[in-house]
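Have the viewer open and follow along.

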Amino acid sequence: MTTIPDPISPPDSTPAARIPLGPDDFDALDQALDAMREHDEEIPQWEFCEGFMAALICTRRPIMPSEYWPVLLGDSFSSAQHMEFVWNWKRRWIEIEEGLDAPVETLDDERSWQPEVLDTRGAIASLPEEERAEVAGEAIPSFAQVWALGFMYAVENWPEDWAEPRDKDAARMLNDALDNIVALTEDDTGKPTLSMYSDEAPPSVSQQRLDDFGAAIWAVYDLRQLWKSLGPKAETIRKEATPGRNDPCPCGSGKKYKKCHGAT
């Protein structure tokens with residue numbers, strides 16, 4: 001089960017909604033977030049939003065936009081005022097859903113889903129020395145770290161919808177998948193052996209990090225299939241307690257329950 005993107009967006013059957021986002025579209029998303037950040041410094045980067053969206057798509061209960069927009073972008077966010085952002089959000093949403101639902105066996109499959117993540121350390125390592133000096137000493141996130149933090153932010157905000165299933169195998173699958181994503185929230189302390197920013201850039205990502213990234217992608221596939229197979233969580237029906245036969249009738253008549261609404 002998945003959430004439903006904003007109602008102001010065109011329906012899923014609209015061909016334009018199924019066109020994958022290109023570099024210009026992601027730039028537009030970044031620019032929209034930058035503009036929002038001028039009024040609210042807590043507005044996240046797109047990579048964080050990308051992880052947050054992936055978690056929403058995997059969440060067991062459909063979570064409505066009116067519920068998730070305030071969590072991600074603050075109470076002041078208005079879909080009507082950011083229609084281009086919402087439109088690109090919807091397109092990316094559909095793209096992720098289709099990738100996660102595709103019957104792929106390898107991440108090299110062109111139908112597979114790939115998170116939009118950054119190698120910020122690689123980008124900085126490629127800068128001229130004087131520009132690198134400007135960010136010296138600052139904490140630079142590891143490859144895919146911000147994406148993983150966005151994913152787990154959604155999980156933490158809807159804990160009841162991510163509670164362990166009763167089935168032990170399903171619960172183990174859930175915990176293993178989340179562990180693989182949580183691993184990316186940690187710093188990459190391994191020896192850099194490659195760059196995800198550019199083939200010519202200095203090494204900035206360890207091989208272990210790249211392996212963990214692949215495991216996290218498959219973990220999202222597992223979570224999507226897990227919740228789809230289990231379906232919506234059944235609501236617990238609580239029956240109101242019945243008064244004792246000699247208790248006062250709750251209708252307020254002053255009679256004993258057995259002499260009033262409890263009479264048979």
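Start with α1, whose buried residues pack against α2, α3 and α4. Keep in mind that this is a predicted model. Which residues of α1 are the buried ones? They are D25, F26, A28, L29, A32, L33 and M36. Around the axis they cover an arc of only 155°, so they sit on the same side of α1. Turn to the other side of α1 and you'll find P23, D24 and Q31 exposed.

Next stop is α2, residues 46-58. Run the same check here: its 13 residues should span 18 Å at 1.5 Å a residue, and the end C-alpha atoms are 18 Å apart, in agreement. How much of α2 is buried? The count is 13 of its 13 residues.

The largest one has 60 residues, and the members that touch the most others are F85, W89, W147, F151, W162 and I181. At least two residues of this core come from each of α1, α2, α3, α4, α7 (145-157), α8 (168-185) and α9 (207-230). The largest share is that of α2, with 10 residues.

Now for the rings. A search of the whole structure turns up 20 aromatic pairs. Take W46 and W89: their ring centres are 6.0 Å apart and their planes stand at 90°, so this pair is edge-to-face. It links distant parts of the chain, with W46 in helix α2 and W89 in helix α4 (residues 83-101), 43 residues apart. Both W46 and W89 are buried. W89 has another partner in W69, with centres 4.8 Å apart and planes at 55°, so that pair counts as tilted. Because W69 lies in helix α3 (residues 65-73) and W89 in helix α4, the pair ties together parts 20 residues apart in sequence. What are the accessibilities of these two? W69 is buried at a relative accessible area of 4%, and W89 is buried at 0%. Widen the view and ring pairs join W46, Y68, W69, F77, F85, W89 and W93 into a cluster.

Zoom out to the whole protein and you get 9 helices and 2 strands. From the N terminus on, the elements run α-α-α-α-α-α-α-α-β-β-α. Of the 264 residues, 42% count as buried. Among contacts with a separation of 6 or more, 68% are between residues 24 or more positions apart.

Finally, how far should you trust it? The pLDDT averages 88, and 83% of the residues score at least 70. Confidence is highest in α7, at a mean of 98, and lowest in helix α6 (residues 129-134), at 84. Over residues 7-11, pLDDT is below 50, although this stretch has 11 contacts in the model beyond near neighbours in sequence. Where pLDDT is low, predicted coordinates should not be read in detail.

Definitions and conventions. Residues are numbered from 1 along each chain as its sequence is written. This is a predicted model: local features need pLDDT of at least 70, side-chain atom pairs count only at pLDDT 80 or more; totals for chains, interfaces and linings use all residues. Side-chain values use heavy atoms; hydrogens and water are left out. Helices (H or I, at least four residues) and strands (E, at least two) are DSSP runs, numbered from the N terminus. The expected span of a helix is 1.5 Å times one less than its number of residues. Buried means under 20% relative accessible area, exposed over 50%, partly exposed in between (1.4 Å probe, protein chains only). Rings of Phe, Tyr and Trp (its six-membered ring) pair if their centres lie within 6.5 Å; planes under 30 degrees apart count as stacked, over 60 as edge-to-face and the rest as tilted. A nonpolar core is a set of buried Ala, Val, Leu, Ile, Met, Phe, Trp, Tyr and Cys residues joined through side-chain atoms within 4.5 Å. The arc is that of the directions from the helix axis to the C-beta atoms. Contact means heavy atoms within 4.5 Å. pLDDT is the predictor's confidence in each residue, from 0 to 100.
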